[in-house]
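Here is a colleague's note for someone opening this entry for the first time. Please keep the sequence and the model in view while reading the numbered points.

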Amino acid sequence: MMYQNVDKEVVEIPDVLPMLPVRDIVVFSYMFLPLFVGRESSIKAVEAAMEKDRLILLCTQKDPANDKPGPEDIYSVGTVAMVMKKLKLPDNRIKILVQGIAKARIKSYEQESPTFMVAIDRIEEPVPAEISVEVEALMRNVKEQCEKILSLKGLMSPEIMEVLENVNDPGRLADLVASNLRLNIEESQKVLEILDPVGRLTKVNEHLSKELELSTVQAKIQTQAKEEMSKTQREYFLREQLRAIKGELGDLDEKAQEVNEVSDKIKKAKMPTEAEKEARKQLTRLEQMHPDSAEASIVRTYLDWMVDLPWSKSTRDCLDIAKARKVLDEDHYDLEKVKERILEYLSVRKLKKKMKGPILCFAGPPGVGKTSLGKSIARALGRKFVRISLGGIRDEAEIRGHRRTYIGALPGRIIQGLKQAGTNNPIFMMDEIDKVGADFRGDPSAALLEVLDPEQNYAFSDHYLNINFDLSNVMFITTANMVEPIMSALKDRMEIIELSGYTDEEKLKIARQFIIPRQLEENGISDEYIKFSDEAILAVVHQYTAEAGLRNLEREIGTVCRKVARAVAEGSTSEQKITKSNINKYLGVPKRLPEEDREINEVGIATGLAWTQVGGELLYIEVILMKGKGHLVLTGSLGDVMKESAQAALSYIRARADQLGISLAFFEKHDIHIHVPAGAIPKDGPSAGITMATALVSAITRVPTSKDIAMTGEITLRGRVLPVGGLKEKALAALRHNITRVIIPERNRKDLDDMPETIRNKMEFVFVNTVDDVLDVALVKKVFKKASAARARKQAAPKRAVRPAARQARTRKRAD
């Protein structure tokens, strides 16, 4: 668009002119521009102008898509222009060249068809008599900004700068700049309608500032893109030149060399047919790709995983049973169940060459040696050992891997572990399987179903490899603190081996045989500087640790060794004897005080036994009676199951009130309060049922309970005693408190076979079937009264014989 300095006073503008609606542009004064006219009404407006004085009013229509605009669709302020040239085109359109002369406002529409004829008012702009300093500064700022924008866009030329320098009128400068800015129609029209030249120039200056900022950012982006493109092109040309030079020198092409190396690795990997076919297919793809493409790096990574996996590499099992037994005994004390299971596997493996690996789950409290046992098994079998932790895993892809469509995809942790081991038959330990989570990304436990199923894992499919991998040679060992949180389907696939806590004697022997020598070595001292007595070790066990395992015991022994090491480093050469009396000198005051032993037989208190994750504990049940209305109060942070046991015990006693010599009115006039001390510790479980019943009977009948007896067992409303778990830990708790007589359910008799002989020899176990049996043993005297004569006769009456047919029918009904 060009401008020419025309004296507008020379041109006489009539009061009525033809009007041409224009689209997508606002025409300013002194503006040269070509227009293509195609609408019939617009062509007639041009012809009407050409027949008279060539003058026409150019107004912008509000909606460019409207082909038939009315007066309300056209802005009222426009520019009077002169048609300089007219050219008719082959498609019946005409092309005209116009020059803006002056602004005008439409007063009224004299004619709307066949073309617009409008009456106008010419807009006279005020001409400043003198340009002030502020206006001069504004004009210079506008010119400088125009120069910067043109420079950023690469449009700077001497002609344009000369035009800008020769414009000294603020209004004309504003029109010149506004006509070349990329403003939308509304903004351009607003600038056109500002009559004050200085105000119009100020508005244009604002738009220039915004355009300068946009142009600066755009130029920066273009420069960065150009530099990046230039760098990539330069590297590409340099690589091509290097490849050409190597070709001229006779050197082997890098790409061909890489393909040959991968091909040799595929051959050496001895993959299954399906896996080798897929690897060859991906190698062919890699050969056809440009080596610097993004897809090539993805294929190259995939091939690296394929050739590095131990498809056919395995270690030879050590089938010497005696040697394996020796290794297991060297690393762990006791744990006979686990050792027997491993030796059984070795024996079968010795007789049968091809067999599936077992899926074992070691369940037990922390610190009992589950993870270290896995390492010991690997050493006994002569296999590699791999360990992963499943605690907190919530994404299924951690097990199965990510699909290769994702950026940064990798195989799952199973395949990663096998690559790390380098063999296809390692001991694969999965720690904390009971702490696997699940969320919207999937359930890792469900993914483990395939891994830990011997009938399925021979064809384990990882999402990244998309090829089956045989896991049947792997011996999987999982660990858990508790079996209950594990998914039932997953639990069904594993052989669960319970690892209970250690007895005091076992902890003493383990400390002597394993912990103390290890801590002496780690702290840089020998046994000539320190000596532990058995009483000191047992004092550490009882007063400074509260666990079923050995971690805290080893930590405390390590603390003692460090203090002795410091004394040796400071010059002491004497032997430090660690005894029960001076252990607090090294470890401070005891961290744990055991429950106080009962000194006398008391009324309303019974000694129970509880299982915890850190071993067994004594549980005192206290009952007190007070006058009231028969309410039962339970305190001591009891769980729902324990509350139900208390209610069941009270219901049983009320049902047997006459045999116990208790009046039924007693329960209506007294409130009963049952409390279990250590109220801040939550307690739950059914095994305190008989203890609560005993304490209740003792409180109601005022008969003391024996202080030398502890008990455990679940109670029913009919007075039966049901079996419970954790018998070994409970027996150990009783033994620690010098209680050698324990009441247990008859159906727990079988569990004594799994109890260490040392415990069985020190304790007397009383087996009971009913609560009556418990009361006969636990209370210091009999509480049951003789039945009434009528009831005695009824009980003594002979039962009527049941006919065989009736007996068979009853039997059949029970079977149904």
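**Notes on a predicted model**

1. Helix H9, residues 294-308, is 15 residues in length, and from its first C-alpha to its last it reaches 22 Å, close to the 21 Å expected at 1.5 Å a residue; that expectation is 1.5 Å times one less than the number of residues in the helix. Helices here are DSSP runs of H or I with at least four residues, strands are runs of E with at least two, and both are numbered from the N terminus.

2. Within H9, the buried residues include Ala296, Val299, Tyr302, Leu303, Trp305, Met306 and Val307. Buried means under 20% relative accessible area, exposed means over 50%, and partly exposed lies in between, with a 1.4 Å probe and protein chains only.

3. This is a predicted model, in which local features need pLDDT of at least 70 and side-chain atom pairs count only at pLDDT 80 or more, whereas totals for chains, interfaces and linings use all residues. Residues are numbered from 1 along each chain as its sequence is written, and side-chain values use heavy atoms, with hydrogens and water left out.

4. Taken as a whole, the chain has 28 helices and 24 strands, and of its 816 residues 44% count as buried. Its radius of gyration is 49 Å, whereas a compact globule of 816 residues would have one near 28 Å; the radius is taken over C-alpha atoms, and the globule rule is 2.2 Å times the number of residues to the power 0.38. The C-alpha trace spans about 140 × 90 × 85 Å along its principal axes.

5. Contact means heavy atoms within 4.5 Å. Among the chain's contacts between residues at least 6 apart in sequence, 74% join residues at least 24 apart.

6. Is His332 buried or exposed? His332, found in the loop between helix H10 (321-331) and helix H11 (336-351), is buried, with a relative accessible area of 8%. Leaving aside neighbours within four places in sequence, His332 is in contact with Lys339, Gly369, Ser372, Leu373, Ser376 and Phe514.

7. Arg341 lies in helix H11 and counts as buried because its relative accessibility is 18%. Not counting residues up to four places away in sequence, Arg341 touches Pro358, Leu360, Glu495 and Ile497. With one of these, Leu360, the C-alpha separation from Arg341 is 9.5 Å, and the two residues are 19 residues apart along the chain.
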